[in-house]
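Subject: Two-chain model, handed over with notes

Hello,

Here is the structure you will be working with. Please open it alongside this email.

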Amino acid sequence: MTKPHAIIIGAGFTGVATAHDLALRGFDVTVVERGDICNGTSGRTHGLLHSGGRYAVKDKESAIECIDENTILRKIVPQVIEPNGGLFIAIEEGDLAYAEQFIESCEECHIQLDELTPQQALKLEPNINPKVLSAFIIPDGTFDPLRLALAFAGTAKHNGAKFRTYTEVQGLLTDGKGTVTGIKVLDRASNKSQELHADVVVNATGAWAGQITGMAGLDAPVKPTPGIMVAYDQRFVQRAINRLNVPGDGDIVLPQRRMVVVGTTSFDAENPDYIPVTDEQIKIMLDRGSELIPGIRNAKPRGIYMATRPLVGGGSGRSIARTFKCYDHKETHGIDGLVTITGGKATTLRAMAEKTADVVCAKLGVTTACVTKETPLLSYRQYYTIPN
Amino acid sequence: MTEKWNITLRVSRQKDTENQHFDDFKMEVNPDEYVLDAVERVWAFMDRTLCYRHACHHSTCGACGMRVNGVEKLTCITPIRAVTSNGATLKVEPLRNFPVVSDLAVDMGAFYRKMEVVSARAVLPITEAEIENPATNWPQNDAQFLRLSDCLECGLCISACPVAATSPEYLGPAPLAAAQDVGIHRNPELLGIVDCEDGVWRCHSAFECTAVCPSFVDPARRIMALRTQVIGAKLGKLFGKA
């Protein structure tokens with residue numbers, strides 16, 4: 001019996017995690033990516049391994065997804081994670097007013113939470129704002145974005161998946177009756193076009209999902225929503241530092257290697273290919289970030305960049321739920337052979353892949369169960385060392 | 001008002017079996033932007049065929065190493081102001097000593113294989129980081145915490161190394177530095193891996209690796225320290241202390 005063949009468009013977090021899942025379920029997998037691995041939103045993600053604390057009050061579904069996946073990722077891919085926890089800190093009276101619902105919501109979402117006195121918090125993290133009024137410790141973490149993707153991709157490669165980077169999709173192939181049967185691609189390294197055929201095409205292009213669905217005549221299922229990040233050249237803290245309040249601009253500072261990274265903002269954009277950085281947004285990060293860690297004012301920027309979230313659902317900016325959506329376009333528009341996965345966030349990449357692989361398996365009558373929760377990932381270096 | 005410069009970005013191009021050549025792109029930039037921003041704008045607005053590697057844009061992933069005006073740089077943290085002037089030309093080329101995939105993108109396979117051979121640590125206890133910045137007295141219990149290692153595996157040191165240019169089998173600066181970080185005392189198998197013709201003794205002490213390292217690894221010093229480890233381990237064996 002020949003294996004079913006899945007083409008995945010996009011080697012960001014969802015693409016590589018879906019490749020890993022489908023390879024384990026016995027698929028022949030080909031991933032096509034127009035740039036190098038993780039060159040879009042995923043590579044530029046803030047790097048917060050969410051405990052779910054940030055979403056607990058307003059979006060319990062997201063929060064529960066986060067804590068569940070946070071726990072799984074710590075087990076299957078510890079090689080890319082700084083697993084040092086996080087603090088939510090209150091600086092002003094207004095922050096304290098948020099504390100009660102924060103505690104209740106975290107408990108409802110089974111997010112472990114310990115309250116600290118200001119003295120205890122300052123002892124743990126001497127560089128946070130000395131005006132701290134209250135603090136909670138939660139199981140946040142930090143990850144290296146590229147290496148997180150490489151670990152999934154490398155393991156997928158080990159299990160037979162093929163990765164074709166610098167390969168841009170030019171169009172969808174159909175059977176003339178509306179079923180998608182493959183893609184036409186341009187190999188940008190050799191400047192040659194080629195047709196690739198598959199039993200199913202998975203659109204895992206995140207904020208760019210509308211460009212692929214557009215090739216099938218369908219509307220974009222996603223709203224590109226960029227935000228800024230500013231890295232500074234000193235590691236002031238060991239834990240992720242969050243402002244204890246309703247999520248807003250510049251209210252998370254993450255440690256990573258010898259840096260901290262302040263993020264972020266949230267606004268709508270049309271074309272996610274290039275989002276310019278503005279001085280106003282840099283200033284917001286400096287002002288808000290230094291409320292959490294005053295020393296940032298004396299640090300030097302070491303990287304300033306925009307990342308474009310793929311947000312699904314109604315509303316705009318921060319009011320959109322962070323959960324992901326997987327569309328079988330046969331169900332939604334009568335177009336067979338095409339599945340789109342978008343939305344979500346880095347922390348939930350494995351869960352997004354599981355859902356997508358479930359949809360793909362159901363379409364093709366494959367009954368193999370998902371085992372990615374229990375499968376430790378191989379060294380991220382395997383992505384480069386295994387020949388394509 | 002944001003300052004504006006007009007520069008010419010001279011980009012190395014090479015597709016498939018072509019010979020290397022250069023394309024010029026005249027562009028307006030803010031000198032405080034990074035070199036990678038200029039390269040990315042060429043792809044976004046001027047020439048969609050350009051291939052280059054990049055991911056994190058803040059010196060944690062190590063993907064965007066290039067030679068900028070002939071010097072190895074991590075382009076995501078190299079301000080344009082630091083490497084050119086208004087009205088001047090800024091030349092970007094792929095790293096040396098790596099096979100070119102296309103244009104500015106290189107194949108990291110052989111290099112990552114060497115990092116794997118020496119079991120380079122991806123994360124390590126924060127107390128084992130040699131210098132912490134700022135130098136604060138971290139609480140005692142921080143010993144349990146982990147930090148991503150300094151080495152970004154960007155390959156700048158391999159590109160700059162005059163020895164790597166002549167002997168492809170040479171382990172090279174980053175893998176040797178990683179072996180020193182792991183330590184022969186912790187992993188005795190490293191002795192055989194680094195104490196050989198293509199290992200720790202091939203380094204000619206040019207120190208180019210340390211000059212271009214964007215991430216405080218100081219490979220040259222670590223290679224010298226690794227030699228001390230090797231001699232110590234061999235003397236230990238000689239006198240039956242291994």
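Predicted model: local features only at pLDDT ≥ 70, side-chain atom pairs only at ≥ 80, totals over all residues.

Residues are numbered from 1 along each chain as its sequence is written, while chains are lettered from A and ligands numbered from 1 in the order in which they are written.

**Chain B**

Chain B has 9 helices and 9 strands. Helices (H or I, at least four residues) and strands (E, at least two) are DSSP runs, numbered from the N terminus. The C-alpha trace of chain B spans about 65 × 50 × 25 Å along its principal axes. Of the 242 residues in chain B, 45% are buried. Buried means 20 or more other C-beta atoms within 10 Å of the residue's own; exposed means 12 or fewer, and partly exposed lies in between, with C-beta atoms placed from the backbone.

Two residues are in contact if their C-beta atoms, placed from the backbone, lie within 7 Å. Take the contacts in chain B between residues at least 6 apart in sequence: 63% of them join residues at least 24 apart.

Chain B splits into domain 1 (5-106) and domain 2 (109-120 + 151-238). Domain bounds come from an automatic or database domain assignment. The centres of these two domains of chain B, taken over C-alpha atoms, are 28 Å apart. Domain 1 of chain B puts 14 residues into the contact, and domain 2 of chain B puts in 14 residues. On the domain 1 side, strand E3 (65-68) and strand E4 (71-74) of chain B each supply at least two residues. E4(B) gives the largest share of that side, 3 residues. The domain 1 side divides into 6 nonpolar, 5 polar and 3 charged residues. Here Ala, Val, Leu, Ile, Met, Phe, Trp, Tyr, Cys and Pro count as nonpolar, Asp, Glu, Lys and Arg as charged, and the others, Gly among them, as polar.

One residue to look at is B:Met27, in strand E2 (residues 21-29) of chain B. B:Met27 is partly exposed, because 16 other C-beta atoms lie within 10 Å. Leaving aside neighbours within four places in sequence, B:Met27 is in contact with B:Ile7, B:Leu9, B:Ala38 and B:Arg41. B:Met27 and B:Ile231 are 204 residues apart in sequence and 54 Å apart in space, C-alpha to C-alpha.

**Between the chains**

Chain B brings 45 residues to the contact and chain A brings 44 residues. On the chain B side, helix H1 (35-46), strand E6 (100-102), helix H3 (109-117) and strand E9 (146-148) of chain B each supply at least two residues. H3(B) has the largest share of that side, 5 residues. The chain B side divides into 23 nonpolar, 11 polar and 11 charged residues.

**Chain A**

Chain A is assigned domain 1 (5-42 + 146-221 + 322-385) and domain 2 (48-143 + 223-311). Their centres, taken over C-alpha atoms, are 29 Å apart. The contact takes 23 residues from domain 1 of chain A and 24 residues from domain 2 of chain A. H5(A) gives the largest share of the domain 1 side, 3 residues.

An open sheet of 8 strands runs in the order E6-E7-E5-E15-E16-E17-E14-E18 (chain A), with mixed pairing. Two strands pair if DSSP finds at least two bridges between them. The edge strands are E6 (114-116) and E18 (301-311) of chain A. The twist averages 25° from one strand to the next. Strands E5 (residues 86-90) and E7 (residues 134-138) of chain A run antiparallel, joined by 5 bridges. A:Leu87 stands opposite A:Ile137 in E7(A). Helix H3 (residues 93-108) of chain A lies across E5, E7 and strand E15 (240-243) of chain A, at about 140° to E5(A). Axes are lines fitted to C-alpha atoms, for helices over the stretch in contact, and angles run from 0 to 180 degrees between N-to-C directions.

**Core**

The largest nonpolar core has 193 residues, and those with the most contacts inside it are A:Ile89, A:Ala153 and A:Val202. Such a core is a set of buried Ala, Val, Leu, Ile, Met, Phe, Trp, Tyr and Cys residues joined through C-beta atoms within 7 Å. H5(A) contributes the largest share of this core, 8 residues.

Best wishes
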